[in-house]
Amino acid sequence: MHELPITQAILKIALKHANEANAKRIENIHIVMGELSTNVDDSVQFYWDIIAKDTLAEGAKLHFRRVPAELQCMACFEKYRPNEDELLCPKCGSVGAKIIAGEEFYVEAIDID
Amino acid sequence: MTERISIVENILSANDRLAEENRARIDAASVFSINLMASPGAGKTSIIEKTLPLLKDKMRIAVVDGDIATSLDADRAAAAGAQASIQVNTGGECHLDAVMLHGALNQLDLTQFDLLMVENVGNLVCPAEFRLGTHKSVLIASVPEGADKPYKYPGMYRGVDALIINKIDLLPYVDFNMDFFRRGVEALNPSVITFPLSCRTGEGMDAWINWLIENTKR
C-alpha cells in the first residue's frame, strides 16, 4: 500500500509546475511508468479524486503511458524482452544484462488552462 | 485554452533528495549503515539479534526498526545489546521511506555510533523502490520461502549489495533448489555478495560478521 504517498508526490509536482505557469487549472497529467517500476495504476486515480479536491488539479485526468521492459546483454549486446522463467541472454546465455528500459516513473507533462 | 507543459520530473525525486540528505548526515558522523530487507518471517530481527552480541564489544550499534505496528522488534534489538534502538511505526505503509528514516535519525546522536542497522518492513516488493540513504542494501532470503523468489521479485534481488541466505539448517527438510536460486540471483545481480547462514545454529555467521566489521572500519 504505497499509492497514497505516490499520489501525493504526483500532485505536488503537478501543482508546482502549474503555479509557476500561472495556470487556472490542470486538465491532464501525463505519467510515464515502466513495466518494472512500482505497480500503481487505478488506485492512484482513486486517491487523486480525494486529495486533489479544492486544488488546481481537481478533476484532472491521469494518463499512464506504459514502457515495456528491455534488457541488453553486456556480453553480446543483444537487446531482449525479459522472460519470466529465463533470466539469461537468449542469444549467448550470459548473465548480468543491463536494464535499458522499463524502470521509468515520472511525470512527463501536464495540460493546463 | 489548453497548454501543455513538459516536465519530466521523477515521482520519487522528493524521497531521493531526502535520502541524499540522510546519507550526508550518516557520512558526517562516519557511520556505516545498512538497510535490511526481506519478506516477513525470513529472519530480519533474528539476524539482528544474533549479530549484536558478536559485534557489541567491537563497535557501537544503533538499530532502527520499521514495522506497521508494535515496538516488539526494537525491544528485541535493545535486549540483544543495541546501544540505541528506535522503532518507527509506519501506520500502514508497507515500507520505510527516506522521511521515516529522517525522523528516526533526529532521535539519534549519530556521532555516538559506528554502525546503523535499519530493519525495513517485511515485504519483498516496495522497499526496493524507496531509497533511504543507507550505504548498503542487504536482502535476507530464507530457505523455506522457496528458490523461485529471485524470479518472482526481480526488483528486490536486482538492487541489493549483499544477500543473506538464512535458515540453511533447514536445507535437508525442505525442497529448496540452491542451483536454481543462485542462477536467478546471478542473472539479476552478478556482483552481489552472498552469505549462506543459519542464525539459529550460528553456521556461516562469521563471513557476515567480518563483512560488517570490514565495512564499518572503512
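Predicted model: local features only at pLDDT ≥ 70, side-chain atom pairs only at ≥ 80, totals over all residues.
Residues are numbered from 1 along each chain as written, and chains are lettered from A in the order in which they are written. Local features need pLDDT of at least 70, side-chain atom pairs count only at pLDDT 80 or more, and totals for interfaces use all residues, while side-chain values use heavy atoms, without hydrogens and water.

**Exercise 1.** Find how many residues touch, and how much area is buried between the chains.

*Solution.* Start with contacts, meaning heavy atoms within 4.5 Å. On chain B, 26 residues are in contact with 34 residues of chain A. Next comes buried area, the accessible area (1.4 Å probe) lost on putting two parts together, summed over both. Here the two chains bury about 2700 Å², with 62% of it on carbon and sulfur atoms.

**Exercise 2.** Count the salt bridges across the interface, and describe the one made by R158(B).

*Solution.* Look for a side-chain nitrogen of Lys or Arg within 4 Å of a carboxyl oxygen of Asp or Glu. This rule gives three salt bridges between chain B and chain A. For R158(B), the partner is E103(A), at 3.6 Å from N to O.

**Exercise 3.** Which strand of chain A is joined to strand 1 of chain B, and in which direction do they run?

*Solution.* Strands are DSSP runs of E, at least two residues long, numbered from the N terminus, and two of them pair if DSSP finds at least two bridges. Strand 6 (residues 105-112) of chain A is joined to strand 1 of chain B by six bridges, and the two run antiparallel. Within this pairing, V107(A) stands opposite E9(B).

Note on methods. Helix = DSSP H or I, 4+ residues; strand = E, 2+ residues; numbered from the N terminus.
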